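Here's a quick briefing on the fold you have on screen.

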Amino acid sequence: MPSGVSTNTVKRMIIDAGAVYADYGETGERILGATREGASFVIEQDVREIPIDGVRGALKGGRRIIAEHARIVANLLEMTAENFSLALVGSTVDSTTDPTLSVITRNNDFPDETQYLTNVALVGRRRDTGQDVIFIIKNVISEGNFEIETTDDDESSLEVTFASHFDPGDLDTSPWEIRIPAEV
């Protein structure tokens, strides 16, 4: 029976849950903490097949990318003011009014560019070398709802969807990258 398995198959796997970082490789880099059910890196793409008279099917070179959206989704277990603020776009954390509390608030203005993270990274590990495989999205804010649920005999988690955004100064470069160790 045919198979794609080779002597390198198990060596090339990414194993375990990985870790999610805010501002990976930047000043202020921080790991967001433990996750549940791992994290995911997704690139949604809208590809258009260009219709051409006289051509009865797909034409080599006859497609173009109309839109793309890169995201990292993580179910965070660590309930911190910083994680809550990341999940609530445009919010601020105040710890000065009462030193025993971190108070998170938000006005209804959409965030300005200073509130975007430089990047968010999902870092996994190759089985063979233990080297990191890094999935990065750039110019990041969270999107989606903020929801915490508490139930008996379970722990709360916060699902956060981090979304990349194109840089207005460079619309030709996709706001994501994948770093994988070169094979030797």
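Arg71 is buried, with a relative accessible area of 16% (buried means under 20% relative accessible area, exposed over 50%, partly exposed in between, using a 1.4 Å probe and protein chains only). This is a predicted model, where local features need pLDDT of at least 70, side-chain atom pairs count only at pLDDT 80 or more, and totals for chains, interfaces and linings use all residues. Residues are numbered from 1 along each chain as its sequence is written, and side-chain values use heavy atoms, with hydrogens and water left out.

**Around Arg71**

- Arg71 sits in strand E4, residues 63-76; helices (H or I, at least four residues) and strands (E, at least two) are DSSP runs, numbered from the N terminus.
- The Arg71 side chain has a polar contact with the side chain of Glu44 at 3.0 Å. Here a polar contact is a pair of N or O atoms within 3.5 Å; within protein, one must be able to donate a hydrogen and the other to accept it, and residues adjacent in sequence count only if both atoms are side-chain atoms.
- Skipping neighbours within four places in sequence, Arg71 is in contact with residues including Ser40, Phe41, Val42, Ile137, Glu143 and Phe162 (contact means heavy atoms within 4.5 Å).

**Strand E7 and its partners**

- Strand E7 (residues 117-126) has eight of its ten residues buried, so it is largely enclosed by the rest of the structure.
- Strand E1 (residues 14-22) runs antiparallel to E7, and six bridges join them; two strands pair if DSSP finds at least two bridges between them.
- Ile15 has Arg125 as its bridge partner in E7.
- Strand E8 (residues 132-143) also pairs with E7, in the antiparallel sense, over eight bridges. Val120 is opposite Ile137 of E8.
- The E7 and E8 hairpin has five residues between the strands, and Gly130 in the turn has a positive phi of about 75°.

**Nonpolar cores**

- The largest nonpolar core has 20 residues, of which Leu32, Val120, Ile137 and Phe162 touch the most other members. A nonpolar core is a set of buried Ala, Val, Leu, Ile, Met, Phe, Trp, Tyr and Cys residues joined through side-chain atoms within 4.5 Å.
- At least two residues of this core come from each of E1, E4, helix H1 (81-87), E7, E8 and strand E9 (158-163).
- Val120 is in contact with Val20, Tyr21, Ile72, Phe135, Ile136, Ile137, Val140 and Phe162, leaving aside neighbours within four places in sequence.
- Another core lies apart from it, with seven residues, among them Tyr21, Tyr24, Ala121 and Ile134.

**Aromatic pairs**

- Searching the whole structure turns up three aromatic pairs. Rings of Phe, Tyr and Trp (its six-membered ring) pair if their centres lie within 6.5 Å; planes under 30 degrees apart count as stacked, over 60 as edge-to-face and the rest as tilted.
- Tyr21 and Tyr24 have ring centres 5.3 Å apart and planes at 70°, so the pair is edge-to-face. Tyr21 is buried at a relative accessible area of 19%, and Tyr24 is buried at 17%.
- Phe41 and Phe135 make a tilted pair, 5.1 Å centre to centre with 35° between the planes. Phe41 lies in strand E3 (residues 35-49) and Phe135 in strand E8, so the pair ties together parts that are 94 residues apart in sequence. Both Phe41 and Phe135 are buried.

- Ser85 lies in helix H1 and counts as buried at 17% relative accessibility. Not counting residues up to four places away in sequence, Ser85 touches Ser91, Thr92, Val93 and Ile104.
- Thr173 is in the loop between E9 and strand E10 (176-179), and is partly exposed, with a relative accessible area of 40%.
- The side chain of Thr173 makes a polar contact with that of Asp170, at 2.7 Å.

**Whole chain**

- The protein chain has one helix and ten strands, in the order β-β-β-β-α-β-β-β-β-β-β along the sequence.
- Its C-alpha trace spans about 70 × 45 × 35 Å along the principal axes.
- Of the chain's 184 residues, 28% count as buried.
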